[in-house]
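I opened the model to look up a few local features and write down what I found. The entries follow in the order I made them.

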Amino acid sequence: MASSSSLCCRFLCQPNTNSSSSNLSPSFTPKPPSASLSFSRCSTRALPSSNSATSLIVDEPDPVFSSVKSFAPATVANLGPGFDFLGCAVDGVGDFVTLRVDSDVRPGHVSISDISGSPGASKLTKNPLFNCAGIAAIAVMKMLRVRSVGLSLSLDKGLPLGSGLGSSAASAAAAAVAVNELFGAPLSVSDLVLAGLESESKVSGYHADNVAPAIMGGFVLIRSYDPLELIQLKFPGNAELFFVLVNPEFEAPTKKMRAALPPEITMSHHIWNSSQAGALVASVLQGDLRGLGKALSSDKIVEPRRAPLIPGMESVKAAALEAGAFGCTISGAGPTAVAVTDNEEKGREIGERMVEAFMKAGDLKAVAMVKRLDRVGARLVHSTP
């Protein structure tokens with residue numbers, strides 16, 4: 001099972017506070033178990049370990065743009081048996097961050113000027129010390145030793161809050177990339193993951209199964225948390241993979257979903273879940289969608305405890321499989337259900353059956369969407385000189 005630190009509650013953001021601007025407060029120094037991060041891509045050569053960029057950036061860089069806009073995708077964490085150590089990115093839906101140099105903001109500070117988008121976005125605090133995008137932006141500014149300019153950040157939430165689609169991670173990833181790009185992109189992917197993970201640790205717990213794939217794209221395996229080691233799993237480029245994401249009108253607080261997890265597990269369940277996680281990784285590398293779906297549906301530890309807390313979830317999973325999905329499980333802590341298939345039209349049909357099941361068995365309205373795997377991760381989408 002995950003360590004006790006990874007079992008802490010996941011809250012998207014803290015309650016609103018009055019301040020909307022902050023400097024690079026020493027109290028927000030990154031506190032991962034280790035200062036280094038090892039990053040490799042499965043079936044290719046391993047990249048060297050990277051120390052925190054704080055020790056690498058000597059001189060403060062000048063902005064190369066006056067403003068930038070970045071995007072970070074939604075993510076599916078756990079993928080069934082991979083609780084807190086497997087995740088992937090989903091294309092076509094996510095959060096946008098617009099960042100600009102602002103003379104009205106004190107040098108070395110970041111201010112959140114606007115938050116818009118999905119329902120509930122207006123409830124998020126504009127205090128950057130407690131906002132997931134603000135914390136990640138501050139972390140990158142620290143790494144770059146930015147002291148001479150102030151930055152203004154605008155967050156456009158494309159993801160619903162508390163949906164199980166990595167909403168906080170998308171905001172953090174987009175903000176980290178935006179700050180990095182504004183100053184000429186001197187930081188590595190490893191540095192950006194550390195910045196995003198600092199945000200996650202402050203607002204939702206020390207876990208990388210959302211923020212790592214949000215930044216890196218594709219499938220990511222967290223090999224270790226102490227020290228943090230990530231492995232990007234290469235899914236074959238010629239394989240078609242579609243995610244059917246069905247989000248019901250239901251709130252599944254992560255605190256409640258975490259509290260439902262067993263404090264101990266049996267050896268037989270440990271062996272089963274370990275073997276299924278291994279099978280899932282092998283299926284990803286081979287592009288075996290049937291094997292991926294089978295492993296995705298096989299969790300005997302987390303899903304059995306969480307599914308009863310989401311009205312209709314067990315029937316939704318059954319409906320997805322009956323409609324031809326290769327597999328189905330809960331995305332992250334839920335309430336979104338995720339199924340996998342190899343055909344977009346078939347995905348729409350599966351989604352319809354899942355929506356019907358949520359209404360029939362759980363009396364919940366739900367919305368379905370069919371999306372591809374995001375192989376790129378967080379990226380710059382616009383810049384102004």
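This is a predicted model: local features need pLDDT of at least 70, side-chain atom pairs count only at pLDDT 80 or more; totals for chains, interfaces and linings use all residues.

I started at Pro227, in the loop between strand S8 (219-225) and strand S9 (228-233). Asp226 and Pro227 are joined by a cis peptide bond, with omega at about 0 degrees.

Next I looked up another proline, Pro335. I found Pro335 in the loop between strand S11 (327-330) and strand S12 (337-341). The peptide bond leading from Gly334 into Pro335 is cis, and its omega is near 10 degrees.

I then turned to phi. For Asp84 I noted a phi near 70 degrees, which is positive although the residue is not glycine. Asp84 belongs to the loop between S4 and S5. Is Asp84 buried or exposed? Its relative accessible area is 2%, and buried means under 20%, so Asp84 is buried.

Arg145 also went into the notebook for its phi, a positive value near 60 degrees in a residue other than glycine. I placed Arg145 in the loop between helix H1 (132-144) and strand S7 (151-157).

The rings came next. How many aromatic pairs does the structure hold? I wrote down three. One of them is formed by Phe71 and Phe96, with ring centres 5.0 Å apart. Their planes meet at 50 degrees, so I recorded the pair as tilted. To be called edge-to-face, the planes would have to be over 60 degrees apart.

Phe71 is part of strand S4 (residues 67-77), while Phe96 is part of strand S5 (residues 86-101). The two are 25 residues apart in sequence, so the pair ties together separate parts of the chain.

I also looked up how accessible each partner is. Phe71 has a relative accessibility of 7%, so I marked it buried. Phe96 has a relative accessible area of 27%, so I marked it partly exposed.

Phe96 came up again when I looked for charges over rings. Lys69 lies over the face of Phe96, 4.9 Å from the ring centre. I found a lysine over a tryptophan as well: Lys300 lies over the face of Trp272, at 4.2 Å from the ring centre.

Key:
Residues are numbered from 1 along each chain as its sequence is written. Side-chain values use heavy atoms; hydrogens and water are left out. Rings of Phe, Tyr and Trp (its six-membered ring) pair if their centres lie within 6.5 Å; planes under 30 degrees apart count as stacked, over 60 as edge-to-face and the rest as tilted. Helices (H or I, at least four residues) and strands (E, at least two) are DSSP runs, numbered from the N terminus. Buried means under 20% relative accessible area, exposed over 50%, partly exposed in between (1.4 Å probe, protein chains only). A charge sits over a ring if NZ of Lys or CZ of Arg is within 6 Å of the ring centre and within 35 degrees of the ring normal.
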